[in-house]
Amino acid sequence: MCGIVGFIGSTNVKKTLLDGLKELEYRGYDSAGMAVMQSSKIDSFKAVGKLANLVAKTAPFEPKGFAVGIAHTRWATHGKPTEINAHPHQGRHSYIVHNGIIENYLPIKEELTKQGVGFLSQTDTEVIVHLYESFLTREQDAYRAFEQTIEAIEGAYAILLIDEGVQNTIFFAKKGSPLQIGDGDRGRFFASSDAPLIGICDNAIYLEDGSWGWATAETLSLFVGKTPMTAQKKPLPISQSSAQKEGFRFFMEKEIYEQSKVMSETLMSRVMASGVRLDELPEGFFDGVESLRLCACGTSYHAALAATYLFERLSRIEARAEIASEFHYRDPMLRNNELFIVISQSGETADTLEALKMAKRSGLKTLAICNVDNSSIVREADAALLTRAGIEKGVASTKAFATQTMVLWLLALFIAQKRGALDEEQMTAETNAARRSVKTLMVQPDRHEQIKRLSKRYLHGHGFFFIGRDLFYPLALEGALKLKEISYMHAEGYPAGEMKHGPIALADSKLFTIALMPHTLLREKMRSNVEELIARDTTLLAITSEHFAFADDVLQMDERSHPMLEFFEMMVAIQLLALEIAIRLGNDVDMPRNLAKSVTVE
Ligand code: M6R
């Protein structure tokens, strides 16, 4: 989704901004732009499409010496992805970049229009820069005008603004969308996530909601409301190395192959011989907790849903999964003995963050399961368990899902321990299985080859059903989501037992059904559901360790010892299947159309 970079310094200003945008590219965008101020002159550039187009546009421009720059990648919300709608947006003498949504932009626009202000774009962002200039005309004080602007706008934002009348300075504000400030050897940097800062700054200031102020190379004025604040720095991760493709065709492919390695990290010092330790959780964290409510979006929601089966079966605690965007606005009934668990790869998903804030306001204890330390969700929650998957760049989430599911499984075992829900033998069987998952997640080259060959038979149907039961139903949902995200083909995940209650009407030879048929759970029931579909001539790919002669194709699995090991082995297979189908269709697997890696708008 939209990305922000800012820089105040003397060397390589243009390159620094472009390099920063490059680091944000994986998050998804449809246009990009930058504005650079030297003394009191601002040059601005915008381009639709890939960053290469902005690089070409800015080729003749080379700022010399000290400059102040702001830059942006835009993922369209208000108005089409055109050059006019790309950021920076400009007034008469100032330029702005913005992430988020200004909810009251229409009344502000109306008011400014009455004052004679002309608007170029269809965006909500453009009102901010004109509002600032309007306050400035009245106040004759840029700092006061910026403060009034921030007071007047509603919604979510991370903002950088530069003004030809206020040399060497970047104004900034943050509410609901992330914004960091880092100091490096070459100057002062701003970014909407860690990625552009890693390797050039050791520490960053993670601005809190409601923060605003202005910065020069030497000074930083920071406020929350009218109160001056002292900036708190936190260390940044030190290396970017995990974010290279390393010979794989796509980041998604690399990240599928990485799952086994990162799972060792996820497990490290958490799984003991006959139990689970979660040292990140404060002593007594589960005291008084009687039920769990899990809340997330997309793939993270599928991990949450899978976890409800684990919590109820292993920990014997009531658990319920919710889609964050639905939960937030339906005035839900909450009990104060519920633990509210949010799951997010990025830690910045607006729907999940808002649900978390709401749960906190209602007095619930909260826990984040997240891949990004220092993210908004981690900072907001009472406690956090990091999934340790490393940077995930493919828009289609893979290793994040695997590690989220593992952390949730470990949490289920941890709670089972506390509640005495499993005996020693059962607990040992679980922890042994958790350790063995590292091996199960390794991609077998032969199987990958088979999936590559198989993929060509699954290109031209009228749709896909992924079906499974129990734990394998959320996995079916995830398989369908992976496929539709990157292949753009219609796919649905369905509980296998529900097919006969309606969807079976679609069954014919052009309907592709991917059946997840584990050995360890509901084997016979699942078999009957699949046979009902075969009887209606659906084209069926069975993913199973069973002998199953009736399918059109079989992806033969090895695991038969534990449902979660079967889950992980099948998960790799469906990820590879989606990948190979999308590659055959010639799609940009890592940056699929219309999608953003981190969805920071509601
Ligand atoms: O960063 P989050 O885990 O909060 O993101 C939630 C969803 O936006 C995300 O899982 C999305 O569904 C992925 N593109 C799935 O591959």
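Guide: Start with a cut-off: a residue is buried under 20% relative accessible area, exposed over 50%, and partly exposed in between. The model is predicted. With that scale, Phe-550 at 48% relative accessibility is partly exposed. Phe-548, at 4%, is buried.

Now the sheet. It is open and has 5 strands, in the order β19-β18-β20-β21-β22, with parallel pairing. The edges are β19 (318-323) and β22 (383-386). Each has a single partner strand, so one side of each lacks a neighbour in the sheet. From one strand to the next, the twist averages 20 degrees.

Look closely at β18, residues 291-296. What joins β18 to β19? There are 6 bridges, and the two strands run parallel. Leu-292 has Ala-319 of β19 as its bridge partner. Ser-291 stands opposite Glu-318, also in β19. The chain gets from β18 to β19 through helix α8 (residues 298-315), and this β-α-β crossover is right-handed.

On to β20. Here 5 bridges join β18 to β20, again in parallel.

How well covered is β18? Of its 6 residues, 6 are buried. In a regular strand, side chains alternate between the two faces of the sheet. Both faces of β18 are covered. Ser-291, Arg-293 and Cys-295 are buried on one side. Leu-292, Leu-294 and Ala-296 are buried on the other.

Next, the rings elsewhere in the chain. A pair of aromatic rings is described by the distance of the centres and the angle of the planes. The count of aromatic pairs comes to 25. One of them is Tyr-458 with Phe-512, edge-to-face, at 4.9 Å centre to centre and 65 degrees between the planes. Tyr-458 lies in the loop between α14 (445-455) and β23 (463-468), while Phe-512 lies in strand β25 (residues 511-517), so the pair ties together parts 54 residues apart in sequence. Both Tyr-458 and Phe-512 are buried. Phe-548 and Phe-550 make another pair: the centres are 5.6 Å apart and the planes stand at 85 degrees, so this pair is edge-to-face.

Ring pairs also build a cluster of Tyr-132, Tyr-143, Phe-146, Phe-171, Trp-212, Trp-214 and Phe-223. Lys-109 lies over the face of Phe-119, 5.1 Å from the ring centre. The charged end of Arg-593 is over the ring of Tyr-488, 3.9 Å from its centre.

Last, Ile-543 in strand β26 (residues 539-544). At 0% relative accessibility, Ile-543 is buried. What does Ile-543 contact, leaving aside neighbours within four places in sequence? The partners are Ile-514, Ala-515, Leu-516, Met-517, Leu-555, Met-557, Met-570, Ala-573 and Ile-574. Phe-512 is 31 residues from Ile-543 along the chain, and their C-alpha atoms are separated by 13 Å.

Conventions:
Residues numbered from 1 in each chain as written. Predicted model: local features only at pLDDT ≥ 70, side-chain atom pairs only at ≥ 80, totals over all residues. Heavy atoms only, no water. Pairing = 2+ DSSP bridges. Helix = DSSP H or I, 4+ residues; strand = E, 2+ residues; numbered from the N terminus. Axes fitted to C-alpha atoms, helices over the stretch in contact; angles between N-to-C directions. Phe/Tyr/Trp six-rings, centres within 6.5 Å; stacked < 30°, edge-to-face > 60°. Buried < 20%, exposed > 50% of the residue type's maximum accessible area, 1.4 Å probe, protein only. Lys NZ or Arg CZ within 6 Å of the ring centre and 35° of its normal. Right-handed = clockwise from strand over helix to strand, strands pointing away. Contact = heavy atoms within 4.5 Å.
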